[in-house]
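Visitor: I am new to this structure and would be grateful for a close look at a single part of it. What lines that part, and what lies around it?

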Amino acid sequence: SNKSFKCSDGVLNHANQLLAKAISKLEEEFRKLLSNYSKPVEPDRLFECLPDSLRPNHGDGSGKSLTDHQEKSLENAVYTLPILIPPRVLPLLHDLAQQMAQAGHQQQLFRIYRDTRASVLEQSLRKLGVERLGKDDVQKMQWEVLEAKIGNWIHYMRIAVKLLFAGEKKICDQILDGVDSLRDQCFAEVTVNSVSVLLSFGEAIAKSKRSPEKLFVLLDMFEIMRELHSEIELLFGSKACIEMREAALSLTKRLAETVQETFVDFEEAVEKDATKTTVLDGTVHPLTSYVINYVKFLFDYQSTLKQLFREFDASDPDALLASVTTRIMQALQNSLDGKSKQYRDPSLTQLFLMNNVHYIVRSVQRSDAKDLLGDDWVQIHRRIVQQHANQYKRISWAKILQCLSVQGGASGGGSAMVADGGASGISRAMVKDRFKTFNAQFEELHQRQSQWTVPDSELRESLRLAVAEVLLPAYRSFQKRFGPMVENGKNPQKYIRYSPEVLDRMMNEFFEGKTWSEQKR
């Protein structure tokens with residue numbers, strides 16, 4: 001205001017120079033303070049900020065994934081934000097930032113803040129174990145290694161969003177309070193690279209080659225993205241953060257799509273299962289136990305799956321889960337039907353199907369799938385088990401029962417036995433022939449079917465009983481009626497080799513899966 005004085009130019013220049021010096025001193029002070037007090041956070045300190053249920057065991061710092069994913073109390077769990085900059089320094093940093101902004105040095109303030117904090121945040125994540133991995137890296141990894149990395153990534157995501165990003169947001173809001181034009185931009189630029197490193201790994205997994213075993217880790221990943229959704233929306237709610245918000249949302253959608261596609265793949269893989277494994281003893285096929293375990297696992301993830309279905313379909317998620325389960329079960333049964341045709345012996349085909357469908361029904365009854373598939377499904381499949389058991393009985397035992405029946409054709413001349421209480425029309429030779437035929441057939445059945453297996457003790461017992469209830473009365477009756485004709489002749493034990501009691505005892509050796517050498521002993 002005193003430009004008229006001759007000396008005023010010199011004074012003005014001097015004053016401006018002092019002001020510029022003062023501002024550069026402030027800038028230097030801000031840079032030094034921020035840099036001195038910005039240190040990466042050690043993993044152990046981060047773990048201490050987590051709720052107890054999420055801390056790695058014995059502080060081994062490995063950041064293992066949560067095994068008990070049913071941990072639903074997590075939503076109410078308390079997280080303690082780490083101290084990224086000592087609270088006593090924050091007011092001074094805030095005042096310096098204000099002064100720089102008022103002096104028109106917003107860009108310098110922005111650059112110093114961004115470069116210092118972004119670098120420290122990235123170092124904190126690196127110390128934790130976060131690394132940038134793309135699709136090519138993921139494809140080259142062994143499944144066990146990849147599975148461990150995914151478990152860690154879930155843990156890192158939670159730590160990054162709930163502790164590190166939330167902590168950054170807090171100090172950014174405090175230091176740049178009043179410098180609103182810069183605040184959101186600063187936070188966005190500080191976190192952008194770290195967010196990108198984390199999400200790019202998620203994307204690489206979601207886009208990698210699909211396989212059935214990946215389904216559950218994909219669900220874990222989807223679950224963590226859903227869990228962190230509201231937090232991400234809140235932290236990255238500003239216009240400056242829109243790309244990060246959209247990237248997180250896009251990953252969640254991509255994971256959901258990959259899960260849906262994996263279901264379809266799994267169904268097809270089960271139906272077309274080309275493994276040449278033939279279970280020689282007709283027991284439960286490895287594919288059956290694998291698929292049933294898979295379905296049981298699915299039901300551990302019910303709430304996640306229902307959430308995932310809602311991403312695509314507004315209809316009833318319970319019905320969708322039931323439909324997926326039913327389709328997988330149907331694919332398994334189709335596959336088993338194909339495998340059952342590998343047996344030369346049609347009665348072993350029936351035993352194999354009976355064992356496998358029984359295993360499926362019993363497993364469903366003992367799991368949450370029962371409520372979803374419904375009682376009708378269970379009843380229908382129990383009837384199928386019974387049908388296979390009846391078919392087995394008919395195919396295996398019809399022939400031997402025929403040679404005990406009074407009307408049955410004798411294997412020798414094909415003449416019928418006359419049952420008028422006398423011996424007219426019946427030769428001793430025919431009776432001997434019948435006993436010999438029975439012995440040979442029973443011994444062959446015993447030798448073969450003792451090597452077969454019915455793994456469920458209740459089913460095994462009821463099947464033996466069902467056969468014994470038909471066989472033993474028929475044998476007793478035949479022996480009582482025609483036995484005396486042989487007993488009075490030479491070498492009766494050559495023909496009447498077994499008493500009903502011995503037959504009963506031998507019946508108890510059926511379906512025990514014994515090897516031929518064990519039987520001989």
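Guide: Helix H13 (346-365), helix H14 (369-402) and helix H16 (457-487) each supply at least two residues of the lining of the second largest pocket, where helices are DSSP runs of H or I with at least four residues, numbered from the N terminus. The model is a predicted one, in which local features need pLDDT of at least 70 and side-chain atom pairs count only at pLDDT 80 or more, while totals for chains, interfaces and linings use all residues. Residues are numbered from 1 along each chain as its sequence is written, and side-chain values use heavy atoms, with hydrogens and water left out.

The second largest pocket is lined by 18 residues, and those nearest its centre are His358, Val385, Glu458, Leu459 and Ser462. On a 1 Å grid over the protein atoms alone, a pocket is an open set of points with protein on both sides within 12 Å along at least five of seven lines, a cavity is a set where a 1.4 Å probe fits but cannot get out, and lining residues have an atom within 4 Å of a point. The volume of the second largest pocket is about 440 Å³, taken as the space filled by probe spheres set on grid points joined across faces, edges and corners. Its lining divides into six nonpolar, six polar and six charged residues, with Ala, Val, Leu, Ile, Met, Phe, Trp, Tyr, Cys and Pro counted as nonpolar, Asp, Glu, Lys and Arg as charged, and the others, Gly among them, as polar.

H14 and H16, which both contribute to that lining, are also among the elements that cover the buried residues of H18, together with H15. In helix H18 (residues 500-507), the buried residues are Pro500, Leu503, Met506 and Met507, where buried means under 20% relative accessible area, exposed over 50% and partly exposed in between (1.4 Å probe, protein chains only). Seen down the axis of H18, these buried residues fall within an arc of 120 degrees, so they line one face of the helix; the arc is that of the directions from the helix axis to the C-beta atoms. On the face of H18 turned away from its buried side sit Glu501 and Arg505, both exposed.

H15, another part of the cover over H18, can be followed through several of its own residues. Asn439 belongs to helix H15 and is buried, at 1% relative accessibility. Leaving aside neighbours within four places in sequence, Asn439 is in contact (heavy atoms within 4.5 Å) with Lys494, Tyr495, Arg497 and Tyr498. From Asn439 to Ile496 there are 57 residues in sequence but 8.3 Å in space, C-alpha to C-alpha.

Gln441, also found in helix H15, counts as buried at 17% relative accessibility. When residues up to four places away in sequence are not counted, Gln441 touches Lys399 and Ile400.

Because Glu444 and Arg448 are four residues apart in helix H15 (residues 428-449), about one helical turn separates them. Glu444 is partly exposed, with a relative accessible area of 43%, and Arg448 is likewise partly exposed, at 29%.

Asp173 is partly exposed at 27% relative accessibility, whereas Lys169 is buried, at 19%. Both residues take part in a network of salt bridges that links Lys169, Asp173, Asp180 and Arg183.

The largest cavity holds about 80 Å³ of space, and H6, helix H7 (180-207), helix H8 (214-235) and H9 each supply at least two residues of its lining. Among the residues that line this cavity are Met157, Phe165, Leu198, Ile232 and Arg245, and the whole lining divides into eleven nonpolar, no polar and one charged.

Key:
A salt bridge is a side-chain nitrogen of Lys or Arg within 4 Å of a carboxyl oxygen of Asp or Glu.
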